[in-house]
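Please look through the structure below with its sequence at hand.

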Amino acid sequence: MSAVTKADPAGPAGSARPLSERRPLGDISFQALALAAGLLVLVILVLIAISTSQQASSWFSTEGVKIFSSTWNPSANQFGALPFIYGTAVTAIIALVIAVPVSVAIALLLTEVVPYRWSRPIVYVIDLLAVIPSVVWGLWGILVFAPWIQHIYASVSSGVNGIPVLDSLFGGPTSGASFFTAGIILAFMITPIVTSLSREVIATVPAIDKEGAYALGATRWEMIRGAVWPHSQAGVVGAVLLGLGRAMGETIAVALVIGSSATITSHLLAPGYNMPAVIANEFGEASGLFRAALIGMGVLLFAFTIIINVIARAVVERSGRRKRGA
Amino acid sequence: MAVTTGQQTADLREPPSWRRSKNRIATVLMITAFVLVIIPLGFVLYTVIAKGISIISWQFLTASIPPNVLPASIGGMGPAVVGTLEITALATVLAVPLGVLGAVYLNEYGGNKLLAKIIGFMSDVMTGVPSIVMGLFIFSIWVLHFGYSGLAGALALGCLMLPIVIRSTYEMLRLVPDPLREASYALGASKARVTVTVVLPTALGGIVSGALLAIARAAGETAPLLFTILTVTTVNRNVFSGANTSLPSQIFANASSPYVGAQARGWGAALTLIAIAFILMVIARLVTARFSRHLR
């Protein structure tokens, strides 16, 4: 390098500036600016953890392990988060049970069945689901969907009366606004992301594997089972985990349709509550320990979703790398 | 199709069997899955349009928000429209330049450095942080000290948009061919100059369309605004101080109201919000289409 930097005075005018001249200040400051913007992501994540934990510290210190107790009674200053953690898990699981088969099926439809010129419009339609804001899902859910499905719930509940497992899941008291309604609305909302991620993963299956399966006389379904599925399994698991993270954190739609009742029950058609919904609904009136408890639930939610997202991204990235290497 | 020879040709095709039926069942199930998704989507869009179109007018978009008990014919969503526009615009001004710069760091300066890998990974993870947590974060760090304001709402929305802008911009910068950069270096340009005058303009279309999709997403968010702007019913043209309102917060408030008039205004606001998001999405698609034609 240094050999080149010796400027030749006899060279053409203007080209005499040595190559390793000190970098201009503008160049260095631009790099610093870009680095700062990149670091901002890490700073924000750390600040979220610190500032919210600080505001919630009185809840953590007064209640101790009792933050996981099942009694939630703000008027008696008892703030156990278990009903909400339970509700978050239940609604998210219902959403996944509905959304995952549907999303994977659509992803397979898009990649393996329909011709390319049809797949574009289908993708647009699925993306439209993601354009509808959460609060509009909630508005529709509580004013249109819940009143409609409540009759179905009622007949299901009386239909399963006395049948061992089904009775404890779908029997008992029913309400239009319930765990199950929240789960269905969440399923609509996470379908676009699970579909598009699964589609990306499935699209990386090498054509030669698929052609090999066809050459052996496989039907399309056998080709999917034998060539596509083993190849994309891990990536689809990652997509499902990302969908789970979304379903756990989705707030406003759920706050409107879950029924707002802090109970732990196996009856899915009964009203319930979950962490984001209780924060959204109760925060306005809360102060002191109550507010600390709500922010504390935000901290728990943050921790759960970060853990799930880290695992999901790691799974997706690893499966992607393995494929590129192959 | 069949080649006719003297004798009867053997039919080599397999007789319809369970294997073929299974294949057909699988295909039908995949199509059913798609139909299952179209039904609620159509249902929601139909309801919002049918209930919203009758109430939407210029008056609805500009008039002040009346008390919930009043019928749908009176008042409108003016303050919420103003609030949504100013808060989303401010969030865009905050998040898009920072997001683009962050992506520039990741793609132009980061390379294979460990720090760049960590930032890229954590930025993806940050897209998964629930929006309500962003609201609580800005409440703890800003609202408790400086009070409710449109700015606080914009900060919360900006935090949501930042990782989305970083990801979409990064994907676009990766597509810029290296020879373009090398040609500019060969002309003696500094790295900053190459980035600003060659790399970013080349990727501009993709960056803009990614940013528009991030804005569309932020405009519909309610949860981060609940604790940062404190839904009010009066218009607040000063985005930097004082409580404010927005279309999503107003829909949330009206959805749980028992009054028919308030619910009707909620549907009108929902249609307005979907229209805004839809227009942004269409513009993004047009920009992308134009951009990809440009590259060819």
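Within chain B, confidence is highest in helix 6 of chain B, at 95, and lowest in helix 11 (residues 260-295) of chain B, at a mean of 86. These values are pLDDT, the predictor's confidence in each residue, on a scale from 0 to 100. Helices are DSSP runs of H or I with at least four residues, and they are numbered from the N terminus. Chain B as a whole averages a pLDDT of 89, and 93% of its residues score at least 70. For the complex, the predictor gives an ipTM of 0.88 and a pTM of 0.88.

This is a predicted model, in which local features need pLDDT of at least 70 and side-chain atom pairs count only at pLDDT 80 or more, while totals for chains, interfaces and linings use all residues. Residues are numbered from 1 along each chain as its sequence is written, and chains are lettered from A and ligands numbered from 1 in the order in which they are written.

Chain B is divided into domain 1 (18-53) and domain 2 (62-295), with bounds that come from an automatic or database domain assignment. The C-alpha centres of domain 1 of chain B and domain 2 of chain B lie 31 Å apart. Their contact takes 5 residues from domain 1 of chain B and 5 residues from domain 2 of chain B, where contact means that the C-beta atoms of two residues, placed from the backbone, lie within 7 Å.

The contact between the chains takes 69 residues from chain A and 68 residues from chain B. On the side of chain B that touches chain A, helix 1 (residues 18-53) of chain B gives the most, with 19 residues. That side of chain B divides into 49 nonpolar, 14 polar and 5 charged residues. Here Ala, Val, Leu, Ile, Met, Phe, Trp, Tyr, Cys and Pro count as nonpolar, Asp, Glu, Lys and Arg as charged, and the others, Gly among them, as polar.

Two packed helices are described by the angle between their axes and the distance between the axes. Axes are lines fitted to C-alpha atoms, for helices over the stretch in contact, and angles run from 0 to 180 degrees between N-to-C directions.

One pair joins the two chains: helix 2 (residues 25-63) of chain A packs with helix 3 (residues 78-110) of chain B at an angle of about 105°, with their axes 7 Å apart. That makes helix 2 of chain A roughly perpendicular to helix 3 of chain B; angles of 65 to 115 degrees count as roughly perpendicular, under 35 as roughly parallel, over 145 as roughly antiparallel and the rest as oblique. The contact includes A:Leu33 and A:Gly38 of helix 2 of chain A and B:Leu98 and B:Tyr105 of helix 3 of chain B. By class, this contact has 12 nonpolar, 3 polar and no charged residues.

Inside chain B, helix 5 (residues 131-146) of chain B and helix 6 (residues 150-175) of chain B pack at about 135°, with their axes 9 Å apart. The two helices are therefore oblique to each other. Residues of this contact include B:Trp142 of helix 5 of chain B and B:Cys159 of helix 6 of chain B. The contact of helix 5 of chain B with helix 6 of chain B divides into 9 nonpolar, 2 polar and no charged residues.
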